[in-house]
Amino acid sequence: MLKNVESLKNAEKPPRTTFRLRGLEVFPNTILSPMDGVTDAPFRRLCRVLSGDRMGLLVSEFVPTDGDAVFNLEGHKQLRFFPEERPFGVQIFGRFPDKMADAARKIAVALKPDYIEVNAGCPAPKVAGKGSGSGLLRDLPRLQEILHDVRAALDGCGVEMPLTLKCRIGWDSESINVLETLRIAEGEGVEMLTVHGRTRLQGYNGLADWDWIGKVANAAKIPVIGNGDVNSVEVARERIENYGVSGVAIGRGAMHNPWIFGQIADAWEGKPKRVITAGEALDVFKLYYGFKIEDGSTDKGAEGRLKQLAARLCKGFCLNEDGAASPECHPGAEGDRIQVLNGAEDVAMQVRQALLSSSCATELLDRAQSLKDGLAKDLMFDPGRLVNLNGAKETELKFGDQFKGR
């Protein structure tokens with residue numbers, strides 16, 4: 001029987017805290033999962049700073065290769081990255097082997113990232129429905145041809161460049177083929193496989209199937225990174241200990257808690273758990289705004305991203321008063337504790353509303369500073385409050401019809 005996650009809170013670090021990608025030793029053994037429209041350079045840099053420069057690997061938003069007759073580097077903003085983001089990989093997607101190979105060669109020669117990754121995991125209809133992303137899981141011979149041609153292009157371009165792959169466990173519950181995908185990947189020179197433990201049909205619904213991820217890790221000769229529902233240090237530790245993966249990839253968990261990589265690194269280094277005040281969390285907006293403007297964003301565009309982050313972070317605000325608002329304290333045991341908890345949630349909601357009702361980025365930043373010194377001064381940020389990232393509690397695997405007919 002697997003260990004309960006709660007019982008691991010005071011456990012030692014997991015047996016694996018690093019993994020190797022060719023000559024690169026990666027610590028901590030974490031990856032920020034690429035998410036289109038989220039993990040752009042400003043967000044990646046924000047997570048890097050908050051981690052104390054301890055993030056493992058970073059990956060670009062996925063880069064399309066099918067659209068142009070000839071792949072043009074200048075036409076893809078997703079390719080932009082900053083030196084402090086290394087080790088950094090570029091993820092590409094498409095269904096035509098020759099175009100994927102051409103794009104990989106040009107990216108490797110011109111930009112020299114630390115690795116190139118092929119996307120066989122995106123479930124979006126506009127991607128998978130056209131036969132790329134997770135659509136490749138319905139056409140494994142095509143995936144094999146893509147990996148073969150990309151590997152050949154990288155080997156022939158004069159730049160040392162590892163090739164990695166990200167995939168899902170299969171198209172649907174009736175066609176789980178991730179072990180065959182692993183066999184193909186290893187045969188074509190892929191050096192790391194990241195497995196998202198959902199099918200394409202699931203999209204992002206239900207729980208990731210870590211039993212399948214564990215089967216892949218057990219059968220693999222290359223590092224296998226597990227992806228799905230990792231939202232805390234404790235969950236990261238449990239997945240690494242119990243499923244044999246070399247590391248974990250974190251997506252939505254980082255959207256709600258951009259400190260998570262630093263928290264994992266602290267735990268792996270044996271450091272005590274650090275308390276994050278609401279004031280510290282509110283300071284993040286100025287940093288994020290600066291990164292957005294440096295990346296060429298308009299003030300309005302930056303405002304939208306700041307509000308997205310505000311809506312997520314404020315869910316983790318609670319009272320910093322002897323842990324009164326922490327879920328671990330079971331406030332329902334006493335009536336006054338219930339009142340304290342409700343009060344904390346009311347204050348957190350007021351902070352959230354003040355930020356989201358700002359008319360522009362400048363006003364949001366001003367309000368963040370005012371809230372830091374006023375309404376939010378007794379609040380802390382507790383990532384333990386962010387257990388559910390799907391909007392409703394998930395307790396079993398569900399295979400919905402979100403992509404029915406695709």
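My helices (H or I, at least four residues) and strands (E, at least two) are DSSP runs numbered from the N terminus. I call two strands paired if DSSP finds at least two bridges between them. This is a predicted model, so I kept to pLDDT of at least 70 for local features and 80 or more for side-chain atom pairs, while totals for chains, interfaces and linings use all residues. Residues are numbered from 1 along each chain as its sequence is written, and side-chain values use heavy atoms, with hydrogens and water left out.

**Around β7**

I looked up the partner of I116 in β8, and it is L163. Strand β6 (residues 88-93) also pairs with β7, in the parallel sense over four bridges. There, V90 stands opposite I116. I followed the chain from β6 through helix α2 (residues 97-111) to β7, and this β-α-β crossover is right-handed; that means the path from the first strand over the helix to the second runs clockwise with the strands pointing away from the viewer.

Is β7 enclosed or open? Six of the six residues of β7 (residues 115-120) are buried, so the strand is largely enclosed by the rest of the structure. I take buried as under 20% relative accessible area, exposed as over 50%, and partly exposed as in between (1.4 Å probe, protein chains only). Y115, E117 and N119 point one way, and I116, V118 and A120 the other. In a regular strand the side chains alternate between the two faces of the sheet.

**A three-stranded sheet**

I then traced an open antiparallel sheet in the order β12-β14-β13. β12 (276-277) and β13 (317-319) are at the edges with a single partner strand each, so one side of each has no neighbour in the sheet. β13 and β14 (residues 379-381) share three bridges, and L319 has L379 as its bridge partner.

Most residues other than glycine have a negative phi, and most peptide bonds are trans. I noted a cis bond from F27 to P28, with omega near -10°, and another from R86 to P87, with omega near 0°. P28 is in the loop between β2 (24-26) and β3 (30-32). P87 lies in the loop between β5 (63-64) and β6.

K112, in the loop between α2 and β7, has a positive phi of about 50°. K112 is partly exposed at 46% relative accessibility. D229, in the loop between β10 (224-227) and α7 (233-243), has phi near 70°.
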